[in-house]
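Subject: Structure handover

Hello,

Here is the structure I promised you. Please open it alongside this email, and then read on for what turned up.

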Amino acid sequence: MLEARDLTVTVNGNTLLRQVDAAARPGHVTVLIGPNGAGKSTLLRVLSGELAPSSGQALLDGRPLAAVPAAELARRRAVVPQASVLTFPFTALEVAMLGITVPGFEASNAAAARSALEALEAVAMAPLADRLYVHLSGGERQRVHIARALCQLAAPPSHADFTRCFLLDEPTSNLDLAHQTLVLDALRRQAARGLAVLAVMHDLNLAAALADDMVLLVRGEVAARGSPAEVLRDELLSAAYGCQVAANRVPDGGRPYVLPPAAFLQRPTPVLSRPRGGNGADLSATGHPTQ
């Protein structure tokens, strides 16, 4: 299990997280939600081992992350950040192969290429495998990095009892509906394999469709945790986001969904005026002056 235990992060005198307890369990998808600046990405960075907490602990199977050797950590968790900068003239396939050709992995070039191509196939990027990464759109680049992480996770674990983790920050940003579905399906498949999947998401409806567990962060503190039905409640969301929120339910006892407040506002009926000719006369649909 991947855990944050009484975790506090302070940077330049600003407390970004305060006494946070959270966990990502093997076989489950845990989604971090909350308003901008709530500390979601900071918590993900701490749980990935990128950022050290000011106090408290980040634990992987009860061990402090700082005590896990880098090579072991690379085999046990893959991370997809919100944004990645890569300016080298690599193809999409070569970027995906980075997930399995780093130190700590023992894969031949041929095996790495096969694994990377399978990962690209999972996110519908195989047809663009030979295209230069810098020539891809934002959404295509995002899918390449997800493929890189999938390739990393495809390597066999060094120990069957070790928890392996997939951490993602806004994995569906810049993606259209079809590719959102592909990515969510890939995450669910990783959870079905027994991995602990932890994702930061702003889209509450996608979060509700994906999550087994949710953690709601507000101003660096945990405001609620539990299932989507337990967390996506009107009073919790309204207080967290500072606006009136009404969660709904799909038919037959389905998962909740949330529409932004503007969706409930009655829009004024537009007043349509006929176009006018050069002399000010009304024009009919045919463009000729009316009587």
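Where is Tyr-257 found? Tyr-257 sits in strand E12, residues 256-258. A word of caution: this is a predicted model.

Is Tyr-257 buried, partly exposed or exposed? Its relative accessibility is 30%, so Tyr-257 counts as partly exposed. Tyr-257 also contributes to a nonpolar surface patch, together with Val-250 and Leu-259. The patch covers about 210 Å².

Next, the sheet. Six strands form an open sheet with mixed pairing. Their order is E6-E7-E8-E3-E9-E10. Strands E6 (77-80) and E10 (221-226) stand at the edges. Each has a single partner strand, so one side of each is left without a neighbour in the sheet. From one strand to the next, the twist averages 15 degrees.

Within that order, look at E7 (residues 165-169) and E8 (residues 196-200). The two strands pair in the parallel sense, over 5 bridges.

Now the cysteines. How many disulfides does a search of the whole structure find? The count is 0. Cys-151 is at 0% relative accessibility, so it counts as buried. Cys-165 is at 1% and counts as buried too.

Last, a helix. Ala-74 lies in H2, residues 70-76. With a relative accessible area of 14%, Ala-74 is buried, because the cut-off for buried is under 20%. Ala-74 and Gly-99 are 25 residues apart in sequence. In space, their C-alpha atoms are 9.1 Å apart.

Best wishes

Notes. Residues are numbered from 1 along each chain as its sequence is written. This is a predicted model: local features need pLDDT of at least 70, side-chain atom pairs count only at pLDDT 80 or more; totals for chains, interfaces and linings use all residues. Side-chain values use heavy atoms; hydrogens and water are left out. Patches are made of residues with over 30% relative accessible area and no salt bridge: like charges are joined within 9 Å, nonpolar side chains (Val, Leu, Ile, Met, Phe, Trp, Tyr) within 5 Å. Accessible areas come from the Shrake-Rupley method with a 1.4 Å probe; for residues, only the protein chains shown count as cover. A salt bridge is a side-chain nitrogen of Lys or Arg within 4 Å of a carboxyl oxygen of Asp or Glu. Helices (H or I, at least four residues) and strands (E, at least two) are DSSP runs, numbered from the N terminus. Buried means under 20% relative accessible area, exposed over 50%, partly exposed in between (1.4 Å probe, protein chains only). A disulfide is a pair of cysteine sulfur atoms within 2.5 Å. Two strands pair if DSSP finds at least two bridges between them. Axes are lines fitted to C-alpha atoms, for helices over the stretch in contact, and angles run from 0 to 180 degrees between N-to-C directions.
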